[in-house]
Amino acid sequence: MRTGRREVLKKGALVAGLLMQSLGYLRSANAYQQNAFDAKSVLDLYKSLGLSVPVESKQITLTTPEIAENGAVVQVAANTTYNNIKRWIFMVEKNPVPLVAIFNLTEDVTPAVTLRCKFAQTSDFLAVAQLNDGKVFFARKEVKVTLGGCGG
Amino acid sequence: MQSFIQKCRVSCSTKGLCSGLIASTLLLSLLSSCSWTQQTNLGIDTDRSVQEKTLSLVFESFEPKGQAELHRLKQDRTQQFCSTQRGLKDQSQLTQSTTQDQLAEQIRLENQALITPPKDGNYFGDFKRGELIAQDGRGKTWSDPSESPSGGNCYNCHRISKNELSYGTLGPSLYQFAKLRGINSAKDFAQASQNSSTDPLIQYTWGVLMNSKAYNVCTVMPRFGVTLNHKTQGHGGPILNEQQIKDLMSLLLDPRSPVNE
Amino acid sequence: MSDPMRIRLQSAGGLTTVKVLMSHEMESGQRKDEDGKIVPIWNIQDVFATLNGRVVMSSEWGGGVSKNPFLQFVLKGTKPGDKLSITWRDNKGDTRTDEAVVS
Amino acid sequence: MFSFNTPFKFVLKHLGAALLYAYAWSAFAQAQQLGVSTDAALAQYRSMLQDANPADLYVAKGQALWTKARGPKAQSLESCDLGLGPGVVKGAWVQMPRYFNDTRRVQDLESRLVTCMEAIQGFNTQEIIAQDFSKGERANIALLAAYVSSESQGMTFKVPQEHALEREMYASGQELFYMRGGTHDFSCASCHTQDGRRIRLQDLPNLSTSAGAGFAFGTWPAYRVSMGSIWTMQQRLADCFRQQRFPKPKYVSPATVALSVFMGVNASGQVADAPGLKR
């Protein structure tokens with residue numbers, strides 16, 4: 001079931017040169033979009049990212065569990081047949097802060113991305129695909145978050 | 001209290017069973033000696049030396065915390081008897097020996113005698129509150145404040161309302177409890193509740209909620225409505241009060257309740 | 001000091017699946033402590049991956065990513081010996097980089 | 001559900017109640033049917049997380065801790081004897097709890113780690129016992145337990161029953177397992193002696209069977225998704241007793257070790273898969 005995890009490749013060392021380069025990258029290219037992470041609704045979020053309201057598309061596939069026995073960790077995945085996707089926007093609609101993550105893709109990766117996120121309650125998971133030509137599409141899927149344990 | 005301890009000590013030492021293990025502390029003698037003598041009186045044939053060793057190990061191992069005091073380890077007759085009933089596939093399946101059956105019946109009757117009808121004769125409350133009580137699994141643990149009311153823990157073991165997917169399966173489904181038992185309308189319900197004190201379904205449901213052991217002596221279901229001897233020490237009262245049990249009655253039997261959708 | 005990530009690579013036909021577990025609290029900024037006070041947000045904000053030194057994926061994360069985050073993505077056109085690195089930086093300025101080699 | 005020999009005799013005595021129980025059991029069968037889709041959905045949820053278990057992060061930390069010089073004596077635990085000789089970690093966990101000559105006690109992994117931490121590193125046992133789970137040295141023990149258990153992954157349980165004290169602890173563990181008490185009349189057995197049952201949505205292992213004991217005993221320590229941390233078997237047991245409405249079992253106390261002996265021996269022949277992943 002979990003074979004192979006013993007062969008995990010772990011290169012723990014911090015490589016000095018690489019770190020310098022990394023920090024440089026973080027500073028220059030990636031200004032953290034705090035205003036997007038402050039948005040309290042999906043519509044506000046689109047506004048703060050300067051996106052037009054996306055259109056629902058069957059070319060986006062989401063893989064999510066139907067039921068989560070704990071909302072603290074829910075694994076979600078998105079994939080698409082659009083070959084010119086440049087960005088994913090992952091959202092949990094009913095979270096106090098809907099925006100979970102933004103992924104900027106390059107030609108060196110496929111569009112398939114998986115992440116574990118928190119669900120404050122039963123909610124739709126939304127993934128918006130922003131294409132190179134500026135078009136935006138989305139898909140949604142519900143995850144039911146249940147009460148667990150004996151505590152109630 | 002003192003005489004109770006004395007009595008236990010005497011009967012214990014006359015049997016000559018536990019003299020070596022009676023500790024000097026009051027608590028230990030209270031807990032251990034009574035448990036053994038009663039076990040002996042029950043005529044249960046188990047390995048006494050294992051029991052002795054286990055008891056001393058238990059007293060060495062547990063400590064009081066919050067409202068969960070050591071008194072809780074002192075078993076009443078029902079708990080003692082049911083600790084010896086092992087490997088049962090079905091809770092109504094008791095041992096083959098006649099003495100065991102007789103004992104089971106005796107203990108069942110003792111539990112039956114603890115069931116009391118509601119003081120005002122009204123068996124019903126509010127099904128919405130009942131649902132909240134059924135959902136609530138808190139109460140009586142060492143981390144719960146002793147003054148806060150307990151929940152019923154119902155969903156831990158039972159399917160109840162249709163919309164709650166997170167339910168346990170240790171107990172039978174209670175979904176459509178009244179519907180499956182002939183109460184299909186407000187009229188049926190009104191009729192039954194007018195004769196609450198004789199209606200078999202109302203009496204049965206009230207009885208099981210009050211004291212499940214009156215029906216199935218070693219059921220895993222707690223005795224929600226009775227104050228057991230050991231519960232009066234350290235913290236008082238049954239798990240659920242009368243009003244809470246009325247609310248659960250409504251949850252199960254009221255045709256408007258989500259249970260009977 | 002931050003703890004090392006666990007990076008696992010699985011390669012087949014020029015595609016390499018990257019699975020990363022990171023050690024981080026990821027406080028959402030929504031949770032209250034025992035005294036009812038909001039626990040301040042403490043989360044990884046930026047994560048990016050490089051392949052042989054070239055950035056292949058970058059991302060921004062909020063407090064909605066789970067504690068001890070797990071991220072998975074797929075590299076195209078990889079060959080044995082390719083060097084992947086993952087870097088994260090959190091809102092306290094802590095950062096960590098770990099590497100793995102395509103086999 | 002009913003079998004018609006002995007119980008039937010008993011049932012006849014209480015026909016009224018029995019009829020109502022028969023109702024109840026038929027409804028029960030129906031509920032089991034309805035539960036299938038929920039079970040499948042939960043299995044999907046769990047398998048998604050199983051693939052990359054955050055427990056692995058803690059194993060790495062535990063391994064680093066094992067080899068680090070710590071405590072008043074500034075020593076590492078590398079000379080700690082977990083039952084297979086000083087320093088042998090591989091395979092030690094699937095043969096614990098066991099009797100140790102030096103302490104003359106049957107000890108589970110955590111109890112033994114405390115012994116080593118005192119004898120080798122100079123930590124104070126009573127201070128560790130007085131601490132809370134997940135704090136101070138107790139948090140470190142959880143990391144060490146994650147590491148040690150991971151070194152037995154895929155191995156078969158063979159908890160010894162050779163020494164008289166080991167057999168005694170098994171018997172006491174069994175006795176305690178069935179001991180009903182507290183405000184709710186619960187014993188361990190109340191929830192853990194039937195196959196395929198659950199509390200809310202959590203599956204309840206049947207600890208009286210080899211498969212059930214193997215699944216439960218063989219997957220703790222575990223990463224608890226709801227807690228975001230590693231829980232050890234000691235912590236699992238303590239929280240079971242809390243929810244059983246019992247008083248609190250002291251850390252690494254004989255009762256907790258006895259229960260682990262009971263589970264460990266029942267798990268004989270089953271394969272260890274710790275640290276696991278739990279709700």
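At a relative accessibility of 0%, D:Ser152 counts as buried, because buried means under 20% relative accessible area. This serine belongs to a predicted model, and its place in chain D is the loop between α6 (136-150) and α7 (164-177).

With a relative accessible area of 61%, A:Thr81 is exposed, since the word exposed applies over 50%. Although A:Thr81 and A:Ala112 are 31 residues apart in sequence, their C-alpha atoms are 9.8 Å apart in space.

### The second largest pocket

Rolling a probe the size of a water molecule over the atoms shows where empty space is left. The second largest pocket holds about 540 Å³ of space, and 25 residues line this pocket. Which of the lining residues lie nearest its centre? They are B:Glu60, D:Arg105, D:Met169, D:Ser253 and D:Pro254. Chain B supplies at least two residues of the lining from α3 (48-61), while in chain D at least two each come from β2 (105-107), α4 (109-119), α5 (125-130), α7 and α11 (254-266). Sorted by class, the lining has ten nonpolar residues, eight polar ones and seven charged ones.

### Aromatic pairs

Over all chains, a search of the whole structure finds 20 aromatic pairs. Among them is the pair of B:Tyr204 and B:Tyr215, whose ring planes stand at 90 degrees with the centres 5.2 Å apart, so this pair is edge-to-face. The two tyrosines link distant parts of chain B, with B:Tyr204 in helix α9 (residues 200-210) and B:Tyr215, eleven residues apart from it, in the loop between α9 and α10 (242-253). Both B:Tyr204 and B:Tyr215 are buried.

Another pair joins D:Phe177 and D:Phe262, with ring centres 4.8 Å apart and planes at 45 degrees, so the arrangement is tilted. Here too distant parts of a chain are linked, as D:Phe177 sits in helix α7 of chain D and D:Phe262 in helix α11 of chain D, 85 residues apart. D:Phe177 and D:Phe262 are buried as well. The values for the two pairs are set out below.

| Ring pair | Distance between centres | Angle between planes | Arrangement |
|---|---|---|---|
| B:Tyr204 and B:Tyr215 | 5.2 Å | 90 degrees | edge-to-face |
| D:Phe177 and D:Phe262 | 4.8 Å | 45 degrees | tilted |

In chain A, ring pairs link A:Trp88, A:Phe90, A:Phe103 and A:Phe125 into a cluster.

### Chain C

How many helices and strands are there in chain C? Chain C has zero helices and seven strands, so that its elements, read from the N terminus on, run β-β-β-β-β-β-β. The C-alpha trace of chain C spans about 55 × 20 × 20 Å along its principal axes. Of the 103 residues in chain C, 61% are buried. Among the contacts in chain C with a separation of 6 or more, 54% are accounted for by residues 24 or more positions apart.

Key:
Residues numbered from 1 in each chain as written. Chains lettered and ligands numbered in written order. Predicted model: local features only at pLDDT ≥ 70, side-chain atom pairs only at ≥ 80, totals over all residues. Heavy atoms only, no water. Helix = DSSP H or I, 4+ residues; strand = E, 2+ residues; numbered from the N terminus. Buried < 20%, exposed > 50% of the residue type's maximum accessible area, 1.4 Å probe, protein only. 1 Å grid on protein atoms, 1.4 Å probe; cavity = no way out; pocket = protein on both sides within 12 Å on 5 of 7 lines; lining within 4 Å. Points joined across faces, edges and corners; volume = space filled by probe spheres on them. Nonpolar A, V, L, I, M, F, W, Y, C, P; charged D, E, K, R; others polar. Phe/Tyr/Trp six-rings, centres within 6.5 Å; stacked < 30°, edge-to-face > 60°. Contact = heavy atoms within 4.5 Å.
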